[in-house]
Amino acid sequence: MPELDLPQRQATDALMLTGFWYRALPADRVHRNQLHKATLLEIPLVIGRDRMGKPFALRDACPHRGMPLHCGHFDGENLECGYHGWQFDVHNGQCELIPSLTSDQKLKVDRIYAGSYPCEEQDHFVWVYIPDPGPPGAGFGPPAEAPEPSPEVEKFSSKYKVAYLQAEMPVSIDHGIIGLMDPAHGPFVHQAWWWRTRHSIHEKQKHFEPIPNGFRMSAHTPSSNSAPYKLLRLYADADSITTAIDFRLPNIRTETIRAGKYWFSSLTTVTPITRSHCRIDVVAAWNLFRWVPFVPELLKYVFAKFVEQDRRTMELQAEGLKYNPHLMLIDDADRPAKWYFQLKSAYLESKRTGQPMTHPMPAPITLKWRS
Ligand code: FES
Ligand SMILES: [Fe+2]
């Protein structure tokens, strides 16, 4: 019988894993001296850039009486709430001025904080670190420190091109992620004359191994049933092409293709916006075909087409999910999806107990499916 370990049976906090970096907005949409709204893990945020161009992220609610801070005034340094004019340092959220206080009123203004989140710009995106929540009812203090820098697209030479694209999906992060790692939908969803048809389906065998917080589909020569790979081998004049696909918590898929001195690398994230809504952001970097005209446009077109096919599929799937149907995950094609749910449980369990996380994959394993 197929095992069930499905989204609707998960604890609610499993949809919103804290203690990780998340992509908030494309960097080219965040302008100096301006404020932008964003939502991550159902947390309303206001994101901006100071006068020097440094990004910041605050909770979009004034600690006084909850006015959205994005409605306030920002001069490139301090943010002034639009309701009673309290002013905050945008980088740590500390209150700097309460205009209603008289000179003999001794309220310690600098002990008041608007919620502030570690914020970094990396590969065309503004990333925000979402820490574990504090005790219920507690106000905000100084911002948490992120234990490591935000994730980065791996690059293998000093010159390369970069592009990004994004798509919103009306499904939970779980369906977004398992849709992304699901090998069996390819022949049905991603048909194109230059890629593959449903008749090119054949048996495959792939090796997987555990990595910290995730798993890797080990390097191999990719499917011969696609024309672009044949072209690439010819162009790179390489004996072999290797690819590796990693998934790691909470939401990161990286893909690396290397052929001789040429490479293509991408970092895709599925970000929980709300419990029932997620967004896919793909950032790709490459040094292939850098001098051939139109290739970046062509690559972007191909990627955009794949993402649009996935987006459209999930939009339709959301229709079916509305009535909470019974679902299943089958071996071997849905095994990566099972690992994803097991990794999340293991992560939450290790947080609960304070013990090191037990990886659900004890050893490397080969999976077989037709796609
Ligand atoms: S609600 Fe922001 S200053 Fe009062
Ligand atoms: Fe897909």
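**With a relative accessible area of 0%, C278 is a buried cysteine.** Buried here stands for under 20% relative accessible area, exposed for over 50%, and partly exposed for anything in between, with a 1.4 Å probe and protein chains only. This is a predicted model, in which local features need pLDDT of at least 70 and side-chain atom pairs count only at pLDDT 80 or more, while totals for chains, interfaces and linings use all residues. Side-chain values use heavy atoms, with hydrogens and water left out; residues are numbered from 1 along each chain as its sequence is written, and chains are lettered from A and ligands numbered from 1 in the order in which they are written. C81 is buried as well, at 3% relative accessibility. If you are looking for disulfides (pairs of cysteine sulfur atoms within 2.5 Å), a search of the whole structure finds zero.

**F125 and Y164 bring two strands together through their rings.** Rings of Phe, Tyr and Trp (its six-membered ring) pair if their centres lie within 6.5 Å; planes under 30 degrees apart are stacked, over 60 edge-to-face, and the rest tilted. The structure holds 15 aromatic pairs by this rule. In the one shown, the ring centres of F125 and Y164 are 5.3 Å apart and the planes meet at 75 degrees, so the pair is edge-to-face. It joins distant parts of the chain, since F125 belongs to strand β11 (residues 125–130) and Y164 to strand β12 (residues 161–169), 39 residues apart. Helices (H or I, at least four residues) and strands (E, at least two) are DSSP runs, numbered from the N terminus. F125 is buried at 0% relative accessibility, and Y164 is buried at 17%.

**F208 and W369 form a pair that spans 161 residues of the chain.** The ring centres are 6.3 Å apart with planes at 55 degrees, so this pair counts as tilted. F208 sits in strand β13 (residues 203–211) and W369 in strand β19 (residues 365–370). Both residues are buried. Take in the surroundings too: F208 and W369 belong to one aromatic cluster with F215, F247, W339, Y340 and F341.

**Y340 is among the residues with the most contacts inside the largest nonpolar core.** A nonpolar core is a set of buried Ala, Val, Leu, Ile, Met, Phe, Trp, Tyr and Cys residues joined through side-chain atoms within 4.5 Å. This one has 53 residues, and I47 and V128 join Y340 at the top for contacts inside it. Helix α5 (residues 335–353) gives the core its largest share, six residues. Apart from this core lies another of 16 residues, including L79, C95, I98 and A114. Leaving out residues up to four places away in sequence, Y340 touches I173, D174, I177, I178, M181, F215, F247, L249 and P250, where contact means heavy atoms within 4.5 Å.

**Helix α1 is largely enclosed by the rest of the structure, because eight of its nine residues (173–181) are buried.** The buried ones are I173, D174, H175, G176, I177, I178, G179 and M181.

**Two cis peptide bonds deserve a close look.** One joins L249 and P250, with omega about 5 degrees; P250 is placed in the loop between β15 (242–248) and β16 (252–259). Another joins D331 and D332, with omega about -5 degrees, and D332 is in the loop between α4 (295–321) and α5. Most residues other than glycine have a negative phi, and most peptide bonds are trans.

**L41 has a positive phi of about 55 degrees although it is not a glycine.** It lies in the loop between β2 (35–40) and β3 (43–49) and is buried at 7% relative accessibility. D123 also has a positive phi, near 50 degrees. The loop holding D123 runs between β10 (119–122) and β11, and D123 is buried at 15%.

**S371 lies in the segment after β19.** At 4% relative accessibility, S371 is buried. Its C-alpha atom is separated by 6.7 Å from that of P183, 188 residues apart along the chain. Over in helix α5 you will find S350, which is buried at 15% and touches Q355, P356 and M357, residues up to four places away in sequence not counted.
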